[in-house]
Amino acid sequence: MTTRPVEILLVEDNPADVLLTQEAFEEADFPHHLSHARDGVDALNFLRRSEDHAGAPRPDVILMDLNMPRMTGLELLDVLKEDDELRSIPVIVLTTSRAESDIWRSYNLHANAYIPKPVSIAEFVEVIQSLENFWFRKVALPHPPRPS
């Protein structure tokens, strides 16, 4: 049985966190493809396949920071969950913010999970591995309907 790779969109403006996430996923033992958007505006262009992202794949899941320039993660989440084409994509908030107001707002905007970024590299890799085990091995992710 051939399984297609899981399409993951990482929305993150911090280059160090992008590199760390990429390295953690390189160690992952499941078929996947990790794409990157540098902020909420870039993510919307990716998801809507506009500007530089004409051939972008539709992600199965979005990993998203909250604190980004141009369009914050909360603003992006609000847009995504109001969009009929994009709202079914699960969104996992992965952020440094531990503010109760950010946690509440994320879930009120229908985030599927909220994970504060760990401080150490080892803990960060552990979080990515737990995401792999749950979200990419156990959860049935929605796929867009095929055009008829």
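Colleague: Which elements are included in what covers the buried residues of helix 2?

Modeller: This is a predicted model: local features need pLDDT of at least 70 and side-chain atom pairs pLDDT 80 or more, while totals for chains, interfaces and linings use all residues. Residues are numbered from 1 along each chain as its sequence is written, and side-chain values use heavy atoms, without hydrogens and water. Helices (H or I, at least four residues) and strands (E, at least two) are DSSP runs numbered from the N terminus, and contact means heavy atoms within 4.5 Å. The cover over the buried residues of helix 2 includes strand 1 (6-11), strand 2 (32-37), strand 3 (61-64) and helix 3 (73-82).

Colleague: How many residues of helix 2 are buried?

Modeller: Buried means under 20% relative accessible area, exposed over 50%, and partly exposed in between (1.4 Å probe, protein chains only). The buried residues of helix 2 are G40, D42, A43, L44, N45, F46 and L47. Helix 2 spans residues 40-47 and is mostly covered, its buried count being 7 of 8.

Colleague: Which backbone nitrogen does a side-chain oxygen of D39 reach at the start of helix 2?

Modeller: At the other end, helix 2 is followed by R49, whose phi is positive, near 55 degrees. At the start of helix 2, a side-chain oxygen of D39 comes to within 3.0 Å of the backbone nitrogen of V41.

Colleague: How is helix 2 placed against helix 3, roughly parallel or oblique?

Modeller: Axes are lines fitted to C-alpha atoms over the stretch in contact, with angles from 0 to 180 degrees between N-to-C directions. Helix 2 and helix 3 pack at about 25 degrees, their axes 9 Å apart. Angles under 35 degrees count as roughly parallel, over 145 as roughly antiparallel, 65 to 115 as roughly perpendicular and the rest as oblique. Helix 2 and helix 3 are therefore roughly parallel.

Colleague: Which residues of helix 3 make the contact with helix 2?

Modeller: Helix 2 passes helix 3 in a right-handed crossing, that is, with the near helix turned clockwise from the far one by less than a right angle (anticlockwise is left-handed). Helix 2 brings G40, A43, L44 and L47 to the contact, and helix 3 brings L76, V79 and L80.

Colleague: What is the orientation of helix 1 and helix 5 to each other?

Modeller: Helix 1 (residues 15-26) packs against helix 5 (residues 121-138) at an angle of about 55 degrees, with their axes 9 Å apart. The crossing of the two is right-handed. Helix 1 and helix 5 are therefore oblique.

Colleague: How do the residues of that contact of helix 1 with helix 5 divide?

Modeller: Helix 1 supplies L20, T21, A24 and F25, and helix 5 supplies I121, F124, V125, I128 and F136. Ala, Val, Leu, Ile, Met, Phe, Trp, Tyr, Cys and Pro count as nonpolar, Asp, Glu, Lys and Arg as charged, and the others, Gly among them, as polar. The residues of the contact of helix 1 with helix 5 divide into 8 nonpolar, 1 polar and no charged.

Colleague: With which side chain does the side chain of D65 make a polar contact?

Modeller: D65 lies in the loop between strand 3 and helix 3, and at 5% relative accessibility D65 counts as buried. Apart from neighbours within four places in sequence, D65 is in contact with V11, E12, D13, G73, L94, T95, T96 and K117. A polar contact is a pair of N or O atoms within 3.5 Å; within protein, one must be able to donate a hydrogen and the other to accept it, and residues adjacent in sequence count only if both atoms are side-chain atoms. At 2.9 Å, the polar contact of the D65 side chain is with the side chain of T95.

Colleague: Is R70 buried or exposed?

Modeller: R70 is found in the loop between strand 3 and helix 3. Although R70 is not a glycine, its phi is positive, about 65 degrees. With 56% relative accessibility, R70 counts as exposed.

Colleague: What is the phi of H110?

Modeller: H110 lies in the loop between helix 4 (100-108) and strand 5 (113-116). At 55% relative accessibility, H110 counts as exposed. H110 is not a glycine, yet its phi is positive, about 75 degrees.
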